[in-house]
Amino acid sequence: MACQCGSGGCDTDYGTPARVSEKLVTLEIDGIEVSVPQGTSLIRAAAEAGVQIPKLCATDSLEPFGSCRLCLVEIEGRRGYPASCTTLADQGMKVCTQSSKLADIRRGVMELYISDHPLDCLTCAANGNCELQDMAGAVGLREVRYGYDGENHLKDTKDESNPYFTYDPSKCIVCNRCVRACEETQGTFALTIDGRGFESRVSAGMKENFLDSECVSCGACVQACPTATLMEKSVIQFGQAEHSVTTTCAYCGVGCSFNAEMQGSRVVRMVPDKNGQANHGHSCVKGRFAWGYATHPDRITKPMIRDNISDPWKEVSWEEAIDYTARRFKEIQAKYGKDSIGGIVSSRCTNEEGYLVQKLVRAAFGNNNVDTCARVCHSPTGYGLKQTLGESAGTQTFDSVMQADVIVVIGANPTDGHPVFGSQMKRRLREGAKLVVVDPREIDLVRSPHIQADYHLKLRPGTNVAMANSLAYVIVTEGLTDDAFANERCDPAEYAAWKKFISQEHHSPEAMEAVTGVPAELVRGAARLYASAGNGAIYYGLGVTEHSQGSTMVMAIANLAMATGNVGREGVGVNPLRGQNNVQGSCDMGSFPHELPGYRHVSDNTARALFEESWGVKLENEPGLRIPNMFEAALDGSFKGLYCEGEDIVQSDPNTHHVTSALEAMECVVVQDLFLNETAKFAHVFFPGASFLEKDGTFTNAERRISPVRKVMPPLAGKADWEVTLMLSNALGYPMNYAHPSEIMDEIARLTPTFHGVSYEKIDQLGSIQWPCNEQAPEGTPTMHIGKFVRGKGKFMFTEYVPTDEKVTQKFPLILTTGRILSQYNVGAQTRRTENSTWHPEDILEIHPHDAEDRGISDGDWVGIQSRAGETVLHAKVSTRMQPGVVYTTFHHPFSGANVITTDNSDWATNCPEYKVTAVQVTKVSQPSEWQQRYRQFSAKQEELLKAREVAKAQ
Ligand code: SF4
Ligand code: SF4
Ligand code: SF4
Ligand code: FES
């Protein structure tokens, strides 16, 4: 579904969704001839002819319902007054939308609605933005004959339970838009119309309040509601916006487009943009509602420095903070050598910021010690896809899923991690696509309203490659491959060799059953389903990458897609679901120590020469330190200074004790962030960062879509993040001169072949662009590898299963695996400072009833989780979502110490940590772990030191 009207830039409500048909029908509406695709409603055809028909229950994001009777029309040769939203346009039809009879009927309908409406328009939150009000005006309603004193709903109680929106039943016109939005757009089916006739009202679940119901607070119903019945509390508090700015959500890799509705520089609400090419007007609870962190009182808005982490912070000017940092970094390099400092940039940052940080490190620091948090999530994707297909990125658009016949989800939980795409996927599944879920846990997709996975391969954590090989074994040995595709698009000799490799008996589902724990018949069934699909699409997440064989598994997935011919067209492909908003972008921008922007190795003389010429410096030709190597080097005394922008390595990297020891061993740790995060507690310099609302730039989502981030308010600390990097570089003696991030993008485009055609002007013109965007593809590339793989011939890789070193033993008999939850985002620094914590105030440990019973554990008990790396304590939730032998937790709260127990094991190719497999023991305990107690003390001390800075400021 693209822009509803096809023009790509308007907000007209066309009444019903666009239809796609090769056949056009031509009709006349109020004497205007219009041609529309067959299947188009009359109300939409009219809107396309520029004729607006009054409506209440219809809107172009939802299928027509035909309940309000306001959109009636007359059709020549037909009796009665059909509803234009449910009547389809037909060849030669002559339609009249305005007549005195129609006007009478419409006024009558409106009278009925209005007689049961509070009519407190002047004080209503929707005043000025209410469709009921608009329709009363449109039909010329001047009186209400029934009066306002009869039976009505004016005293119905409001439901204020949801932290972000209210439900005021007295204003409800029972148009059913909210119910349909919840079903069709979101796919949650939380709402019903309860009662009949005059008594009917919207009900969340079994007459529960919204908070206690199945509602996931996506806000689709609020957006669909034509009155103030469902209304954002922020609008109730502040009133309607006076302008809006289109920007991109800064949370997950879906990259939803939003209109930030503003009063001056205050956000009133975020409304998903219906022209947004990644989200088509939908959003989740994070993007739509969880933006309050941007103005949270915890924001630090002045630069701070201190010589030791036991000292109070000293607030200083930007100039002083920058000079202090430059001096300390120069001193360190003079004493310990050029390679003793480095930088880490977060995938939360914009492309332009990421680009500048790696440029700072390579050109101003003079080494390649730059890394990004993609190291700890999707670095195996970059490696594995580059090896096999030739490009380190997903192959499709999100919309491609609407063409998929079989969807395979491996190690991903789209409804929590990528919720808007999860909703789109669910829509396709409700249309009949088949589903295979490969996951140790019963994620929501396995069973949710109107969706039931055809196969859930509930494998043991750490056995992905064994599973992928078994799937491939079945496909090859049962002759389900697409040999014509594979022989043409890949090297036939390599393909034959791979077939021989994978046909070995030890890969068979039967042989691997003891390893994966999944019955062979299920594996065979799933393999047959995927291979015989017209279009088979694989979606995967961190459950694939964060393993000791993460890169191997990515290559095994690519093998499956190539062998079955499921690459290079709509509806198929290999689709990594990127965790953070700009994981794709931070990798594209050269944030890894071995790659310059555009994935060119630092040892590539031609590429290096290009950058050397442009940047005017000599560049190192050896890869620099990866994040884990930086920690090692810090501990052995050779790495002493770190510039860390937007990333909370203490909370997000594995083996927390190791990370904090490394930071303590450094002499100058610089953190640039919004809050005093866990890493900042170990810092000597704090540069206050800017939220996504305070700066310009771009994010690149999981579909390679470069979308605009636009400043809607001035930076609270006076500087956007790119300006800070620029100042630091200048202070270090390497000049950077950019007046605006668009100039940084121009440089990226100049130096990066896949970005040659990208500019802010073009992004504004097209809304967003999927790279590659260059001379061959001036408007971008929605689907990759059409006709030919980027690397020429697709490369089949041998993917022998090698069990992880992390073994369960008598001492550590359970496997801990980790994941995310819908309402929280990553380390939680942002979402924990919003009302989203209502849903997830703490991380908990999910444990199977058998394992719980063996240990005498009940729901809500404190349990200690011990691994070879450390111990932490969480509350237990006894749940059959886990299989026996496997426990699960999230990592959104620092006190949980989820990474105190994860180990140093990592992917063989990229060092991506093996977060998904940790052998643990779980026991009932009565108090927090030693680490947690130390954490509390240390954090309290650091908060005090921060407060001492505030006291100093007040004096
Ligand atoms: S907020 Fe979303 S999930 Fe909740 S009732 Fe509305 S549409 Fe359904
Ligand atoms: S709550 Fe709003 S959208 Fe839902 S039925 Fe009532 S008026 Fe319509
Ligand atoms: S968090 Fe992701 S799915 Fe939710 S609104 Fe933001 S980009 Fe969209
Ligand atoms: S808009 Fe057509 S019946 Fe309500």
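The shell around ligand 1 in this predicted model divides into nine nonpolar residues, three polar ones and no charged ones. Its members are Phe165, Cys182, Gln186, Leu191, Phe210, Cys215, Val216, Ser217, Cys218, Gly219, Ala220 and Cys221. Two helices, α4 (177-186) and α5 (220-224), each supply at least two residues of this shell.

Ligand 2 has 13 residues around it, and those that come nearest are Cys172, Cys175, Asn176, Cys178 and Cys225. By class, the shell around ligand 2 holds nine nonpolar residues, three polar and one charged.

The surroundings of ligand 3 include the cysteines Cys249, Cys252, Cys256 and Cys284. Tyr251, Val254, Gly255, Phe258, Lys286, Gly287, Pro419 and Val420 also belong to this shell. Two or more residues come from each of α7 (285-289) and α12 (419-430). The shell around ligand 3 counts nine nonpolar, two polar and one charged residues. Lys286 is the charged residue there.

Another part of the model to follow is helix α10, which spans residues 379-388 and is mostly covered, with seven of its 10 residues buried. The buried positions are Ser379, Pro380, Thr381, Gly382, Gly384, Leu385 and Thr388. What do the buried residues of α10 pack against? Their partners are the strands β21 (536-540) and β22 (574-576), together with the helices α18 (542-545) and α19 (550-563). After α10 comes Gly390, which has a positive phi, near 105°.

How values were computed:
Residues numbered from 1 in each chain as written. Chains lettered and ligands numbered in written order. Predicted model: local features only at pLDDT ≥ 70, side-chain atom pairs only at ≥ 80, totals over all residues. Heavy atoms only, no water. Near = heavy atom within 4 Å. Helix = DSSP H or I, 4+ residues; strand = E, 2+ residues; numbered from the N terminus. Buried < 20%, exposed > 50% of the residue type's maximum accessible area, 1.4 Å probe, protein only. Contact = heavy atoms within 4.5 Å.
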